[in-house]
Amino acid sequence: MEFPFDINQLFSERVTILDHTLVAGRKSAGRPDLQALITTVIDEIGRASAKAQQLTAPITSASKLQSQRHQVYLLKDGERNGGHGVVVGFLKVGCKKLFLLDRQGVHIEAEPLCVLDFYIAENVQRHGYGLELFDFMLQHKNLEPVLMAYDRPSIKFLSFLAKHYCLTQSVPQVNNFVVFEGFFPNRTAAQLRKVPLKKQDGEIKPYSLMEREVIRQEQRALPWPFAPPHTPQRSVSSQCSHSLSVGSSPSGAPLRALRDNRDKSRNQVTSSISGSRGSHCD
C-alpha cells in the first residue's frame, strides 16, 4: 500500500512493532505530526483488511490500538514506490481471556496470545511476506503457533497455517476462536484452569430452615397442656437429622411421623385429663 509520504522516514525498520503509544522508534516519540501519520497508516490498513474479509467495520484502527493492550507488527518494503517504501501488511496480536472446550468437552479458562487481525496487500500476496511477518512475530514472542488462538480465521488464513505450520486438526469451540490439537497438552497447569460446572437450581438441602420453622410454629400454636416443654433449637434439628436425607421436603414422611407422634401424645393427655375430671366429680 502506497502513501503520499515517505514510509522509510516514518518506519526505519523492516518490521515495526506498534502498541498503544503509537510510537515507531525514537524518531516519532514526542512528535505529534509523525504520530498523526502513523494513525493514518493504521486506519488505512485496518480498512483494507476489513474489506478483504468482507467485514462491516474495521477491527483494527489507531483509536482501538490506543485503548487496548494489543500489538501491531507492520511490514514494509522500503525499495518500492521510488524508494519511499510501501506498507506490505500487518499482523495484530493480543492476549484474551477465553473459555474453551478441550477434546473431552471440559470447560477450560485460558488467556493465550491470539491472532486478532492479519492482512497482506492483495498485489503482493504469494511473495512470502505473510510467512516472513508471522515468523518474525513468533520469534519475538518466543512462541509456537499451536499455543495460540485465532480469532475468526479466514479460509485463506487456515490454509496458510496448514501449509506452513501443519495446523490442520482444530478443536471445535462455541465462540469465534480456533485452537488446534496440541493447544491443551502443551500448556502448563498454571496456564489452564478448569471452570466448575454451575450448581443445579432447585436443590433441597437437608435440615432446611423451612422444616425447622414449620415445626417450631406448630409447637408454639398448641395450647397448654398439649404444647411440649420449651427445648433449645438444637434438639428440634437433631430430631429431623435422624430421618431427613438429601432431597427430602417438609411434606415428606419424617414430618408426618412427627405429626403422628404429636397426635398420639395429644390423645394420651386428653384421656388422662378426662379420667381425672371424672373421678373428681364422683
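Let's start inside the fold: L34, I38, V41, I42, I45, G46, A48, S49 and A50 are the buried residues of α2. The elements that cover them include α1 (7-10), β1 (15-18), α3 (62-67), β2 (71-77), β3 (86-95) and β6. Do keep in mind that this is a predicted model.

Just after α2, Q54 has a positive phi of about 60 degrees.

## The largest pocket

Among the 30 residues of its lining, I120, Q125, K156, F157 and F160 are the closest to the centre.

Five elements each bring at least two residues to this lining: α2 (32-52), β6 (113-120), α4 (129-141), β7 (149-151) and α5 (155-165). The biggest contribution comes from α5, with 7 residues. Sorted by class, the lining has 14 nonpolar, 9 polar and 7 charged residues.

## Cysteines

Now for the cysteines: a search of the whole structure turns up 0 disulfides. C95 is in none, and the nearest cysteine sulfur, that of C114, lies 7.0 Å away, whereas a disulfide needs the two sulfur atoms within 2.5 Å.

How accessible are C95 and C166? C95 has a relative accessible area of 47%, so C95 counts as partly exposed. For C166 the relative accessible area is 63%, and C166 is therefore exposed.

Key:
Residues numbered from 1 in each chain as written. Predicted model: local features only at pLDDT ≥ 70, side-chain atom pairs only at ≥ 80, totals over all residues. Heavy atoms only, no water. Buried < 20%, exposed > 50% of the residue type's maximum accessible area, 1.4 Å probe, protein only. 1 Å grid on protein atoms, 1.4 Å probe; cavity = no way out; pocket = protein on both sides within 12 Å on 5 of 7 lines; lining within 4 Å. Helix = DSSP H or I, 4+ residues; strand = E, 2+ residues; numbered from the N terminus. Nonpolar A, V, L, I, M, F, W, Y, C, P; charged D, E, K, R; others polar. Contact = heavy atoms within 4.5 Å.
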